[in-house]
Each structure stands twice: as C-alpha cells, then as structure tokens.
Amino acid sequence: MSRLPDLNPEKFSPEQKKVHDAVIAGPRGRVVGPIKVWLKNPGLAEHAQALGAYCRFNSSLEPRLSELAIITTGAFWKADYEWFAHAPMATKAGIDPTAVEAIRTGGTPKFEKPDEQLIYDFTRELLTARRVSSALFARAKKELGETRVIDLVGIIGYYGLVSVTLNAFELPLPEGAKKPFDV
C-alpha cells in the first residue's frame with residue numbers, strides 16, 4: 001500500500017485537473033506510477049510529467065537505448081514499479097532478455113551491440129561513481145553525439161526522480177505482480 005492515499009478526481013483542484021487532463025491527453029493516456037504522487041503537488045506534477053513525456057517518447061535516443069538506460073537506473077534504485085513497467089518494454093524494444101535479467105540481479109550484462117554496451121556503461125558509471133570518466137564521456141560524445149548524450153543524462157536523471165518517488169512513497173505493484181528486487 002502506498003504511503004499516500006490515491007486522489008479522488010472528483011475532488012481535484014483546478015491545477016490538479018489541468019495536469020491530470022494533460023497526462024490523459026498525452027502519450028501515456030493514463031495516470032500511473034509517480035504521477036499519482038506528484039498530482040498532490042500540481043506544480044511539480046506539471047513540469048515532471050512534461051519532462052517525462054519528452055524523455056520517454058521524444059528523446060533523440062531510440063526506444064531500445066532509452067529503455068536500457070531506464071531499466072539500468074531503475075535497477076540501481078531497486079525501484080520495483082519502475083522495473084515492472086519498463087523491463088518488458090526494454091525486451092520488446094530489442095534488449096536481450098539475458099542482459100535484462102543480469103541488470104535486475106546486479107550481474108554484468110553482455111551486449112553484442114556496441115551502442116547498448118555504451119549506454120549501460122555510461123548509465124552505471126554515472127549512477128555508481130556520480131561522475132563519468134573523461135574517456136567514457138569522449139567515447140559517448142563520439143558515438144552518440146552531443147544531443148543524444150544530453151538526452152541520455154536527462155533520461156537517467158528523470159528516471160532517478162521517478163525511482164526515488166516510487167521508493168519513498170512505496171507505490172505498490174499491481175495485484176499479483178512479483179517483486180523484482182529484495183530490499
């Protein structure tokens with residue numbers, strides 16, 4: 001059970017209704033996950049959901065690479081709901097299921113595609129070292145280009161926000177879903 005009760009849409013403030021309606025009309029089509037928490041603070045919700053829509057649906061990274069960055073970030077934070085939502089998307093987008101499982105369990109995934117290895121290495125290094133080495137940054141800039149590196153960092157940061165929101169407010173998995181992480 002979440003640490004905050006769900007909001008009743010019939011009792012939304014005008015600001016909450018505006019954000020809710022924007023989410024429903026946008027590419028998500030529904031209010032789930034951290035947006036349910038953020039709606040309690042519509043100022044944050046408005047901006048966070050817009051950033052999330054960009055990061056998930058409009059970034060310069062193809063879904064295969066953005067989903068890899070998302071699940072790597074979610075696994076770092078051991079965010080159950082994030083993993084539940086995005087691991088299947090990563091597999092569907094083309095990430096090898098064996099690599100997905102290695103990420104979930106804290107193992108070292110093996111990637112055949114160099115761009116996947118780069119995304120994983122960059123994401124893990126930024127999260128664990130809180131920095132990216134000059135060599136890895138130069139490699140990312142050369143292989144991805146500046147815009148895609150900026151989008152990658154934005155995705156890692158946004159899904160960090162998502163993950164800590166999910167964890168802090170203990171948003172539950174859907175009924176019957178198995179927890180992916182032991183915490």
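Guide: Starting with charge, the mean positions of the protein's 24 positive and 22 negative charges are 2 Å apart. Lys and Arg count as positive, Asp and Glu as negative, with His and the chain ends not counted; each charge is placed at NZ of Lys, CZ of Arg, CG of Asp or CD of Glu. This is a predicted model, so local features need pLDDT of at least 70 and side-chain atom pairs pLDDT 80 or more, while totals for chains, interfaces and linings use all residues. Numbering runs from 1 along each chain as its sequence is written, and side-chain values use heavy atoms, leaving out hydrogens and water.

The protein has nine helices and zero strands, taken as DSSP runs numbered from the N terminus (helices H or I, at least four residues; strands E, at least two). Of its 183 residues, 42% count as buried, meaning under 20% relative accessible area (1.4 Å probe, protein chains only).

Now for the close look: Ser59. It sits in the loop between α3 (42-58) and α4 (63-77). Ser59 counts as buried because its relative accessibility is 15%. A polar atom of the Ser59 side chain lies 3.1 Å from the backbone nitrogen of Leu61. Setting aside residues up to four places away in sequence, Ser59 touches Tyr54, Asp151 and Ile155, where contact means heavy atoms within 4.5 Å.

Back to the whole chain: among contacts between residues at least 6 apart in sequence, 67% join residues at least 24 apart.

Notes
Buried < 20%, exposed > 50% of the residue type's maximum accessible area, 1.4 Å probe, protein only. Polar contact = N/O pair within 3.5 Å; in protein donor to acceptor, adjacent residues only side chain to side chain.
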